[in-house]
Amino acid sequence: MKMTSCGIVKLNVGGEIYTTTKATLCKYPSSMLGAMFNGSMSPSLDENGCFFIDRDGELFKYILNYLRSSRLSVPAGFKDLDQLSAEVDFYQITPLIDAIELLRLPEPVQKVRVRYLEVIEVRTGNLATMPTMNSRIKTIISGRRDVIHRYLSLHQIHPAERERLQLNSGKDYTEIALTGSNVRLQVGECLRNQGWNLSESQMSTFPSGEAIVHNYKDRWSLTVVKEDSLEESQCNSVEDETIEELSLLSGGDD
């Protein structure tokens, strides 16, 4: 009989040989393994004197690892959960049965939200001057009002717009005038530091009398992944815009 004086046990489970201890096998005394090795039952022996259990030998490794660590560890994409469940049911290891049931629960649905902001700057000057050195006529940012309020610093917003934005930062779409030297670059740095990506940047040029006008258009996007829960969906089912909703904003003014 393959049990040493120090309690080491050799098992033959469906042809797979395992070495463990009696203490590990008897961790749950009311289980089938506990009964087999605490004297309540007389397990069979194979031709080599190993304790023989006529069950799935490959899946037994997950059961033995659970007895050792009290943690169910299966590889990603594990496809034999039904078979493992049947094995665990045979051994009647109640905590492991519960762990498998938890593993069967659907994973939280991840909601992907994409926010967009668009910054447009108009400058004018002459052909001999670098575009960035030309006089700035205006810089505006367009997008959802609450998103602008959340991600932009108030000092970047034109004083005439600040109070209006603070009083009404709802989810409607608007255009807000920006202020300050090189404010387009400042806003870009501000957004990038908060995880936004510059998804598109364009510059167009056209003559206006003796001057030339430069239009800059930067489109910024932010992807937010949230785990859905029943409580969240009930309390805030329309918190963020979906990709489909935002595609109207991103594609409607080319």
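1. A nonpolar core is taken here as a set of buried Ala, Val, Leu, Ile, Met, Phe, Trp, Tyr and Cys residues joined through side-chain atoms within 4.5 Å. In this predicted model, the largest such core has 28 residues, and those with the most contacts inside it are Leu11, Leu33, Phe37, Phe60, Leu84 and Ile93.

2. The elements that contribute two or more residues to this core are β1 (8-13), α2 (32-37), β4 (51-53), α3 (60-69), α4 (81-91) and α5 (94-104), and the largest share, 6 residues, is supplied by α3.

3. Leaving aside residues up to four places away in sequence, Phe60 touches Leu11, Val13, Tyr18, Leu33 and Tyr91. Apart from this core lies another, of 18 residues, which includes Ile141, Trp196, Trp220 and Leu222.

4. Helix α8 (residues 183-192) has Val183, Arg184, Val187, Gly188, Cys190 and Leu191 as its buried residues. Because these cover an arc of only 165° around the axis, they lie on the same side of α8.

5. As to confidence, the mean pLDDT of the protein is 82, with 83% of its residues reaching 70 or more. Confidence is highest in strand β2 (residues 16-21), at a mean of 96, and lowest in helix α10 (residues 243-251), at 38.

6. Over residues 229-254 the pLDDT is below 50, although in the model this stretch has 38 contacts beyond near neighbours in sequence. Where pLDDT is low, the predicted coordinates should not be read in detail.

Conventions
Residues are numbered from 1 along each chain as its sequence is written. This is a predicted model: local features need pLDDT of at least 70, side-chain atom pairs count only at pLDDT 80 or more; totals for chains, interfaces and linings use all residues. Side-chain values use heavy atoms; hydrogens and water are left out. Buried means under 20% relative accessible area, exposed over 50%, partly exposed in between (1.4 Å probe, protein chains only). Helices (H or I, at least four residues) and strands (E, at least two) are DSSP runs, numbered from the N terminus. Contact means heavy atoms within 4.5 Å. pLDDT is the predictor's confidence in each residue, from 0 to 100. The arc is that of the directions from the helix axis to the C-beta atoms.
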